[in-house]
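Hello,

Here is the structure I promised to pass on. Please open it alongside this message; my notes follow below.

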Amino acid sequence: MKAKQAMITEQPAMPDSNRSSPPVATRVIGISKRFGKTSVLENVNFDVAEGETLVLLGASGSGKTTILRIIAGLEQPYTGKVILHGKDVTELPARERGVGVIFQAYALFPKMNVERNIGYGLKIRRRKRKEVRETVQQLLELVQLQEHRKKYPSQLSGGQQQRVAIARTLAYKPEVLLFDEPFGALDAQTRVHLRREIKALLKKVNVPAIFITHDQEEALELGDRIAVINVGHIEQIGTPYEVYNNPATEYVATFLGAANLLPGVIRGDRIEVGSAVIRFSADAHKFRDGQAVTLVFRPEDVSLTSSGDVPAGHSCIANGIVEEKSFVGAYERVNVRIDLSDSGACETDDTPFYLTTETPESHSSKPIIATRPKAQEICRLGRGQSEARPRSSCTVPQLCHAPHNCGSNLNLSFKLAGA
Amino acid sequence: MSSIIPTMRHVRGFDVARPLSIGVLVLMMLPLVFLPLSSIFIFGTSKGLASFWAALMAPEAVFALKLSMVTSFWATLFNVFFGLFAAYVLSKYNFWGRNALIVTISLPTAIPTAVAGFALLLLWGPYGILGRFLAPHGIQTMFTAGAIILANIFVTFPLAFGVIKPVFDTMSRSLEAASATIGATRVQTFWHVTLPSLRGAIVSGALLTFARAVGEFGSTILVSGNLAGRTQTAPLYIFAKFNEGQIEAANAIAIVLALFSFLIFSVLFFARDWLDVD
């Protein structure tokens, strides 16, 4: 089952539409947009349920900001509709839509203090002063800025300004909250902190939200669902788990998380990757015999071994040479050059590395290549000989007979279990 | 040798260059600015404050000062509103001929004031392009207070615009977008968001325009006719009295004008923070 989902063909993802339980708060139907003759959005469809957070994830220039501006009414779509709580608002100007936009640069009014910024939406709705004061008080407590109520935006930190911006939109009970790269201007620490705060806040106020980001970590953490956008169309929509573990397209697989790609060919219920043969059982009928496919697998699914002991449930794929190792904190990133042309690779006893893969018969969820931090040994070897020795001491050069045609460059990372 | 030079320049941590350069600066400004300005005050008050006061209170002098203030006020009012409007249009919309308009608005600063006055005469004067059609109906624009206002408007045309436009340009577009998404109309957005950000620019633009208009001479003398007690502004009064040899009379007004501009620029300089921030 899982093995199949790692197989990528050219067919696009089916948008998941069978999500019917909570009522739809925001619906975008067939939106397309052109600037002059350039098409920036093509037939974009998605729903956001009541209280749900959807993250639009895409590279810069993918059109995600344009989607947001169309929902907000700051931009007109070329075709398509925007529906907020069942009401078609496509023709309405921004001020009549009642959406809350949190801009990347906050866009707080510089000549108003925190209180007046938050109360602005109610003031222009000509609400009673008492009501404005009470709402502002509640929101100040919600975003924990009571002691800063008289300050001006220029006197606040980035995170505080962001919270004011959110409170300012919550004041008039928006139909949907739109966050335009809200953490772009913050430092890494504040970003993570504020992200969690906002996530908790959104759950508390139960307002549907759409986030825009190019940061995958942010997307995975914030989104109830993620829509991956690539050059103006949605590649896949799903929960973070679905999108990460079952990417529908190669783009999704490589954009969200690190991924290894290997070209393969279908042979019955097996995939040939160079000389290696991997079995996959389920859904074999989806592929033709001889069809070229791309095998995608996560770095954490790769197991390296130098002893030839393939862990239970794993099958050996190829030999490789560690080309580069880099320390990235929680784990170590290892680049391995593998040789897919050497047919006898896995049988040789003195080969220091094997890439192994979990066979589909085994229980686990990870599709292609599993983790076994056997490379510890090699590292010990490298370190043990001399501290000053370069990291290339970890490589075993005799493995690859002709290094220049040694197959794909694998980007592997693995956890050093207990080391 | 080389070891001596640093000790000369820095005598035990004391930088000789500092007092030296400040001294040179003040010395250069002395004959160019300080002495001419102070001679007005020294000369004007040399016969005692009583005679200064008498010269100032002469009916023609009072009238000239008043006329200057009133005409400058209306010119300022117009130019601030115009500058605000022009800056709004020219920074918000991009259209064909936009840069040409910006250059045209800025042009009057580069035109000699005498040429400006002359141009107005050629248009509105009794034999001017438009004036010749108005004259038979008894409508006389030149040689009136209105003419002075027109001249003032012309020569101070770009001042307020020049101060307001850059603030408009640097103002974040997302502020207006934010205000719109919050639910404000264009008018509400302009009133609550745009205008407060422009307050400093409007005040300094107005002060600049007013200061410049009060001192205007070249164009005023051509279009006003320089009629004492009727179309004679303060600078024209100084010029006329000086020509008649009444130095004290000229000097009294000169002191007032000098103090006035000094006051305006002090406000501009020291209230900078208030004008800019809050």
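**A buried leucine in chain A**

A:Leu194 is buried, because 20 other C-beta atoms lie within 10 Å, and 20 or more is the cut-off for that label. Bear in mind that this is a predicted model. A:Leu194 belongs to helix H6 of chain A, which covers residues 188-205.

Which residues does A:Leu194 contact, leaving aside its neighbours within four places in sequence? They are A:Gly159, A:Gln162, A:Phe183 and A:Leu186. A:Pro182 is a further reference point: A:Leu194 and A:Pro182 are 12 residues apart in sequence. In space, their C-alpha atoms are 9.7 Å apart.

**Chain A as a whole**

Chain A has 419 residues, and 45% of them are buried. Its secondary structure comprises 10 helices and 21 strands. Take the contacts in chain A between residues at least 6 apart in sequence: 71% of these join residues at least 24 apart.

**Helix H2 of chain A**

Now look at residues 64-72 of chain A, which form helix H2. Why is H2(A) described as largely enclosed by the rest of the structure? Because eight of its nine residues are buried. The buried ones are A:Lys64, A:Thr66, A:Ile67, A:Leu68, A:Arg69, A:Ile70, A:Ile71 and A:Ala72.

**Two helices packed in chain B**

In chain B, start with helix H4 (residues 59-92) and helix H13 (residues 234-243). Their axes come within 7 Å. The crossing angle is roughly 145 degrees. H4(B) brings B:Glu60, B:Ala61, B:Ala64, B:Leu65 and B:Ser68 to this contact. H13(B) meets them with B:Ala234, B:Leu236 and B:Tyr237. By class, the contact has six nonpolar residues, one polar and one charged.

**Where the chains meet**

How many residues of chain B are in contact with chain A? There are 16, and they touch 19 residues of chain A. On the chain B side, helix H10 (173-182) and helix H11 (186-214) each supply at least two residues. H10(B) gives the most, with seven residues. The chain B side divides into eight nonpolar, seven polar and one charged residues.

Finish with H10(B) on the side of chain B that touches chain A.

Best wishes

Terms used:
Residues numbered from 1 in each chain as written. Chains lettered and ligands numbered in written order. Predicted model: local features only at pLDDT ≥ 70, side-chain atom pairs only at ≥ 80, totals over all residues. Buried ≥ 20, exposed ≤ 12 C-beta atoms within 10 Å, placed from the backbone. Helix = DSSP H or I, 4+ residues; strand = E, 2+ residues; numbered from the N terminus. Contact = placed C-beta atoms within 7 Å. Axes fitted to C-alpha atoms, helices over the stretch in contact; angles between N-to-C directions. Nonpolar A, V, L, I, M, F, W, Y, C, P; charged D, E, K, R; others polar.
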